[in-house]
Amino acid sequence: MAETLILEFDGVGEAEYYAVNSELGLDAKTGKGDWPKGMLAHAAGTADDGAFIVTEIWTSRADQAAFMQDRLGGALAAGGITAPPKVRWVPLLAYRLPGA
């Protein structure tokens with residue numbers, strides 16, 4: 001079953017988020033670009049306390065680890081994000097898209 005990844009960043013905002021996406025060749029607004037193998041869903045935004053939260057659903061942790069190794073690590077650094085986020089994995093009991 002798929003797993004949810006929750007990343008919580010301090011000191012990160014929209015500018016850094018869009019810079020990282022640009023480095024990755026992704027347009028989060030339109031959904032166009034070279035999305036990684038195994039990613040089923042991606043959402044991002046700023047929480048009430050100011051933390052920047054990225055939530056993703058992956059087919060496996062191995063697919064996410066390969067993306068981190070091959071592309072995301074370098075894109076984070078290039079986008080000015082050097083501090084590691086708080087990471088939380090949630091093994092899912094269910095994953096459904098409404099109406100699908």
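Predicted model: local features only at pLDDT ≥ 70, side-chain atom pairs only at ≥ 80, totals over all residues.

**Entry 1**

I looked up the strand order and found an open sheet of four strands, β4-β5-β1-β6, with antiparallel pairing. Which strands stand at the edges? I noted β4 (39-46) and β6 (86-91): each has a single partner strand, so one side of each is left without a neighbour in the sheet. I also looked up the angle between neighbouring strands of this sheet, which is 15° on average with direction ignored.

Next I followed β1, residues 3-9, to its partner β6. The two pair in the antiparallel sense over six bridges. I picked Leu-7 to see where it lands, and its bridge partner in β6 is Val-87.

**Entry 2: Glu-3**

I stopped at Glu-3, which is found in strand β1. Is Glu-3 buried or exposed? Its relative accessible area is 15%, and the cut-off for buried is under 20%, so I wrote down Glu-3 as buried.

I then listed what Glu-3 touches, leaving out residues up to four places away in sequence. Among them are Glu-56, Ile-57, Trp-58 and Arg-61, and also Trp-89, Val-90 and Pro-91. For Arg-61 I found a polar contact of 2.8 Å between its side chain and that of Glu-3.

**Entry 3: salt bridges**

A reminder to myself: side chains of opposite charge can pair when their charged atoms come close. How many salt bridges are there? The count comes to three.

I began with Glu-3 and Arg-61, whose side chains meet in a salt bridge at 2.8 Å, N to O. Glu-3 lies in strand β1 and Arg-61 in helix α2 (residues 61-78), so this pair ties together parts that are 58 residues apart in sequence. Arg-61 counts as partly exposed, at 39% relative accessibility.

I moved on to Asp-34 and Arg-71, which meet through their side chains at 3.7 Å, N to O. Asp-34 lies in the loop between β3 (32-33) and β4, while Arg-71 lies in helix α2, so the parts tied together are 37 residues apart in sequence. I have Asp-34 down as partly exposed at 47% relative accessibility, and Arg-71 as partly exposed at 24%.

Lys-37 lies in the loop between β3 and β4 and Asp-63 in helix α2, so the pair ties together parts that are 26 residues apart in sequence. I noted a contrast here: Lys-37 counts as exposed at 65% relative accessibility, whereas Asp-63 counts as buried at 15%.

**Entry 4: aromatic rings**

I looked up ring pairs and got a count of three aromatic pairs. How do the rings of Tyr-17 and Tyr-18 meet? Their centres are 5.2 Å apart and their planes at 65°, so the pair is edge-to-face. Tyr-17 is buried, with a relative accessible area of 12%, and Tyr-18 is partly exposed at 34% relative accessibility.

I also found Trp-58 with Phe-67, a tilted pair at 5.8 Å centre to centre and 35° between the planes. Both of these residues are buried.

How values were computed
Residues numbered from 1 in each chain as written. Heavy atoms only, no water. Pairing = 2+ DSSP bridges. Axes fitted to C-alpha atoms, helices over the stretch in contact; angles between N-to-C directions. Buried < 20%, exposed > 50% of the residue type's maximum accessible area, 1.4 Å probe, protein only. Polar contact = N/O pair within 3.5 Å; in protein donor to acceptor, adjacent residues only side chain to side chain. Contact = heavy atoms within 4.5 Å. Salt bridge = Lys/Arg side-chain N within 4 Å of Asp/Glu carboxyl O. Phe/Tyr/Trp six-rings, centres within 6.5 Å; stacked < 30°, edge-to-face > 60°.
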